[in-house]
Amino acid sequence: MRYKINYLKVFFFIIFFSFNYIKNLNAEISNNIVVMVGDEIITSYDLEQEKLYLSLINQININSLNKKQLDDMAKDSLIREKVKLNIINLQEGLVINDDFININIKQLYERLGLNSLDELKYLINKNNLNYEEFVNKIVIELKWNQIIYSLFSNKIQIDKDKIDKKIRLIINENKEEEFLISEIFLIGKNKKELKDKIIKVQESILEIGFNNTAIKYSSSDTSKNGGELGWVGESQISEKILGQIKITNTGNITKPIELSGGNLIIQVKNKRNTKKKIDIKQKFDEIVKAEQNYQLNNFSIYYFQKIKNNIVIRNN
């Protein structure tokens with residue numbers, strides 16, 4: 001009888017061991033490495049989570065895109081993130097203030113039309129996402145922006161006379177035109193590559209829409225948010241870009257605008273005229289801030305591309 005009991009123990013141990021081995025093997029298969037970005041890895045699990053994340057923050061209807069389109073969007077977005085992490089992880093003592101993180105979280109849930117953090121957490125949970133991982137993505141972008149600021153803030157140039165002229169014009173006309181816009185910024189190693197990319201992007205906009213195309217192709221840091229810039233006053237837009245926006249009808253996109261370092265395509269979602277009393281100092285500060293952000297974004301694009309070109313990216 002003793003030998004029979006031992007035999008049964010061995011039998012059940014083998015069954016238990018085999019079950020767990022198969023379970024772990026399936027987990028490894030379902031979470032295999034898809035891309036290596038320098039020292040960072042992207043797994044199939046990461047891809048699935050990124051698809052859910054992008055769908056949530058951009059309110060994308062997943063059913064409107066095929067699997068390859070979704071996979072490509074998620075992979076491109078994660079590669080951008082992992083390139084940044086290769087630099088962020090080299091920085092010691094890089095800390096983002098909790099209050100600043102909370103401000104950005106609030107801006108995000110308000111952009112999604114939500115009224116509270118609890119509503120955002122509910123939406124995150126409903127979409128099978130983890131709140132801590134969600135916040136970590138925001139922190140990554142904030143840390144990257146902090147690095148860009150520390151490297152390039154001393155290179156920012158502000159033309160105060162030009163800003164004064166803009167403010168006087170607004171005061172004289174007693175109104176300012178504002179535009180609800182999104183952007184796609186494209187770069188290329190040469191003119192031919194850039195021209196080919198512009199054609200591909202214009203075709204993509206027709207196929208999957210502007211925001212989805214921005215996620216996949218735009219080199220701007222706004223890409224993860226579908227290129228959205230929100231409502232922007234004309235005083236905060238450079239003359240070259242403003243000229244194209246003004247001649248573009250609502251709902252349409254501008255022709256590619258040649259800028260230093262690449263081409264910009266703007267989607268003009270809406271236009272409005274605002275009449276309000278102008279606080280000169282406040283308006284001046286707003287325009288300066290917008291110009292600083294514009295220049296820092298250009299530095300970010302340049303620095304990101306420089307880093308990416310020196311990182312080995314391997315698809316498995």
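**Exercise 1. Describe the largest pocket of this predicted model: state its volume and its lining.**

*Step 1.* The largest pocket holds about 2000 Å³ of space. On a 1 Å grid over the protein atoms alone, a pocket is an open set of points with protein on both sides within 12 Å along at least five of seven lines, whereas a cavity is a set of points where a 1.4 Å probe fits but cannot get out; lining residues have an atom within 4 Å of a point. Grid points are joined across faces, edges and corners, and a volume is the space filled by probe spheres set on the points.

*Step 2.* The lining of the largest pocket comprises 47 residues, and those nearest its centre are Asn145, Thr222, Glu228, Leu229 and Asn293. Among the elements that give two or more residues to this lining are helix 6 (131–152), strand 4 (228–233) and helix 11 (280–309). Helices (H or I, at least four residues) and strands (E, at least two) are DSSP runs, numbered from the N terminus. Helix 11 supplies the largest share, 12 residues.

*Step 3.* By residue class, the lining of the largest pocket has 22 nonpolar, 14 polar and 11 charged residues. Here Ala, Val, Leu, Ile, Met, Phe, Trp, Tyr, Cys and Pro count as nonpolar, Asp, Glu, Lys and Arg as charged, and the others, Gly among them, as polar.

The model is predicted: local features need pLDDT of at least 70, side-chain atom pairs count only at pLDDT 80 or more, and totals for chains, interfaces and linings use all residues. Residues are numbered from 1 along each chain as its sequence is written, and side-chain values use heavy atoms, with hydrogens and water left out.

**Exercise 2. Which element gives the most to the lining of the second largest pocket?**

*Step 1.* The volume of the second largest pocket is about 1300 Å³. Its lining has 43 residues, of which Phe185, Ile187, Ser219, Gly261 and Ile301 are the closest to its centre.

*Step 2.* Helix 11 gives the most, with 12 residues.

*Step 3.* The lining of the second largest pocket divides into 16 nonpolar, 13 polar and 14 charged residues.

**Exercise 3. Which residues line the largest cavity?**

*Step 1.* The structure holds 1 cavity of 30 Å³ or more, and about 70 Å³ of space lies in the largest cavity.

*Step 2.* Its lining consists of Ser77, Arg80, Glu81, Lys84, Glu141, Ile215, Asp221, Ser223 and Lys224; these divide into 1 nonpolar, 2 polar and 6 charged.

*Step 3.* Helix 3 (residues 67–88) contributes the most, with 4 residues.

**Exercise 4. Determine how helix 3 and helix 6 cross.**

*Step 1.* The axes of helix 3 and helix 6 come within 10 Å and cross at roughly 55°. Axes are lines fitted to C-alpha atoms, for helices over the stretch in contact, and angles run from 0 to 180 degrees between N-to-C directions.

*Step 2.* The two helices are therefore oblique to each other (angles under 35 degrees count as roughly parallel, over 145 as roughly antiparallel, 65 to 115 as roughly perpendicular and the rest as oblique).

**Exercise 5. Work out the strand order of the open sheet of 3 strands.**

*Step 1.* The order is 2-1-7, with antiparallel pairing. Two strands pair if DSSP finds at least two bridges between them.

*Step 2.* Strand 1 (residues 33–37) is joined to strand 7 by 3 bridges and to strand 2 by 4 bridges. Val37 stands opposite Ile313 in strand 7, and its bridge partner in strand 2 is Glu40.
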